[in-house]
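Here is a short report for a first look at this structure. Keep the sequence and the 3D view at hand while reading.

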Amino acid sequence: MKVTFAKPETPSQGAYAVGVQEGRKLSAAAAQAEKATKGAVARALNASRFKGGKDEQLIVLAPQGLDVSRLILVGFGNPAKLTALDCEAIGGRLVAALNHAGDREGTIAIESPAGSTLSEAEIAARIAMGARLRAYRFDKYRTKEKPEHKPTLKKLTITLGDPHAAKKLFDPLDKVVDSVIVTRDLVSEPANVIYPETLAREAGELTSLGVKVSVLGEKEMKRLGMGALLGVGQGSERESQLVTMQWNGAGDSKAKPVCFVGKGVTFDTGGISIKPAAGMEDMKWDMGGSAVVIGVMRALAARKAKVNAVGVIGLVENMPSGNAQRPGDIVTSMSGQTIEVLNTDAEGRLVLADALWYAQENFGPSLIVDLATLTGAIMVALGTEHAGLFSNDDALSEKLTAAGKATGELLWRMPLAPAYDRLIDSPAADMKNIGGRYGGSITAAQFLQRFIQKGTPWAHLDIAGVTWSDKDKPTIPKGATAFGVRLLEQFVQREFEDK
């Protein structure tokens, strides 16, 4: 779907959307449509429950007096309360409606209503962003599909007084959407297509944007002593990989980078501690954290972010075999700390342990944020609306939470404390990889914290509940969400570029 911006003009084909504020207050374009249709808008309003709320739409089919397939009244709610996220949702809902109706073209007339804190160009740019986000579809493997199930919309035109201003605001947002789409694609791919070597190659594509990409294989990781990461992948025929991505966009090339670390278990059977068969197919997206890191690094490079950033992803496949890691094995991590592996299905923290240590030893970052589909326990605690946030730094937590609210990728801070940490002490090694029945997401975070060097601000995002959506949302079709790409891109912009 192509999005364009143009000067105000009533279209002569396709669908036409016009704004209505809370209380059924018509925008200028809606008022013109009311006049052209000789009262059809008022009649439709009077025959409906539509009030102009920001989540409402009202469709008038084949309106007399207009050469369009349908006139769509789009609710913008209270102008004083209209946010950028609201505009994105409006764009997403409009695209969904146009595809459902079978339209190939659509036009939406934009104006900044009195009392709004958003400019006309901002509203238009955010509607365009929401439209692109919702238009996403992963269908590369479908060979047969009923025509009525296929998306039809090819072009969305957004009209406003200054289309050039809108396009200028939209361009960097468009690059972020491109990166969200890349991440959604990676998470959606099956495990016979995306495995450690192929995911490493996908990360390598970032070199075209100026990102320096390096890949370590098992021989190199063995020399570095990465026994925790390598133990997870030893049961698979696929070779484990560690990928680093460097973007140096700051004015000072020696400035410490911000670092993102991602869990990349490309398929997780649970290993010898094997998972139940029901639902195991979902474990193709246990590499969601690594895909988000690829997406964030891509977004920063694509818009030439003025920051030094590093992405590190540990890529493994967790499979049961005659060579698989056994419950009770003890491994030595790159940090030198030993780990008693009591459950081979608590594998992501083992991968991250070595990836986190490698990142600190080699890049000396100013801060680290890791992302992982780490625990089912976080879903029990927070459901699918928030990701869990764990951190050793209050200021970092507050900044990440604020970026999450700005992008709609919500975080909820969870506790860390010595009492929880003692739950992972082991009588046979420095620590064990599980802490018992209670507080599972907390003890997993406590495990990771043992691999954070003193003085390094760190945050862990447990994204197990938000990486995949079982239902359509205004800007997220059912499937991979790419949760974290927008959040971290916004965090970097706010904390490293806007100052």
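Glutamate 88 sits in helix α3 (residues 84-101). Helices here are DSSP runs of H or I with at least four residues, strands are E runs of at least two, and both are numbered from the N terminus. The model is predicted: local features need pLDDT of at least 70, side-chain atom pairs count only at pLDDT 80 or more, and totals for chains, interfaces and linings use all residues. Residues are numbered from 1 along each chain as its sequence is written, and side-chain values use heavy atoms, with hydrogens and water left out.

Glutamate 88 has a relative accessible area of 1%, so it is buried. Buried means under 20% relative accessible area, exposed over 50%, and partly exposed in between (1.4 Å probe, protein chains only). Leaving aside residues up to four places away in sequence, glutamate 88 touches Arg126, Met129, Gly130, Thr475 and Arg486. Contact means heavy atoms within 4.5 Å.

## Helix α4

Helix α4 covers residues 120-135. Its 16 residues reach 23 Å from first C-alpha to last, close to the 22 Å expected at 1.5 Å a residue. That expected span is 1.5 Å times one less than the number of residues. Helix α4 is largely enclosed by the rest of the structure, because 12 of its 16 residues are buried. Among them are Met129, Gly130, Arg132 and Arg134.

## Salt bridges

A salt bridge is a side-chain nitrogen of Lys or Arg within 4 Å of a carboxyl oxygen of Asp or Glu. By this rule the count is 21. Arginine 486 forms one with glutamate 88, and their closest N and O atoms are 2.9 Å apart. This pair links distant parts of the chain: arginine 486 lies in helix α15, glutamate 88 in helix α3, 398 residues apart. Arginine 486 is buried too, with a relative accessible area of 7%. Salt bridges that share partners join Glu88, Arg126 and Arg486 into one network.

Lysine 140 pairs with glutamate 189 in another salt bridge, with the closest N and O atoms 2.8 Å apart. Which of the two is buried, and which is exposed? Lysine 140 is exposed, at 52% relative accessible area. Glutamate 189 is buried, at 8%.

## Where α5 meets α15

Val176, Ser179, Val180 and Thr183 in α5 meet Val485, Arg486 and Glu489 in α15. By class, this contact has three nonpolar, two polar and two charged residues.

Conventions
Nonpolar A, V, L, I, M, F, W, Y, C, P; charged D, E, K, R; others polar.
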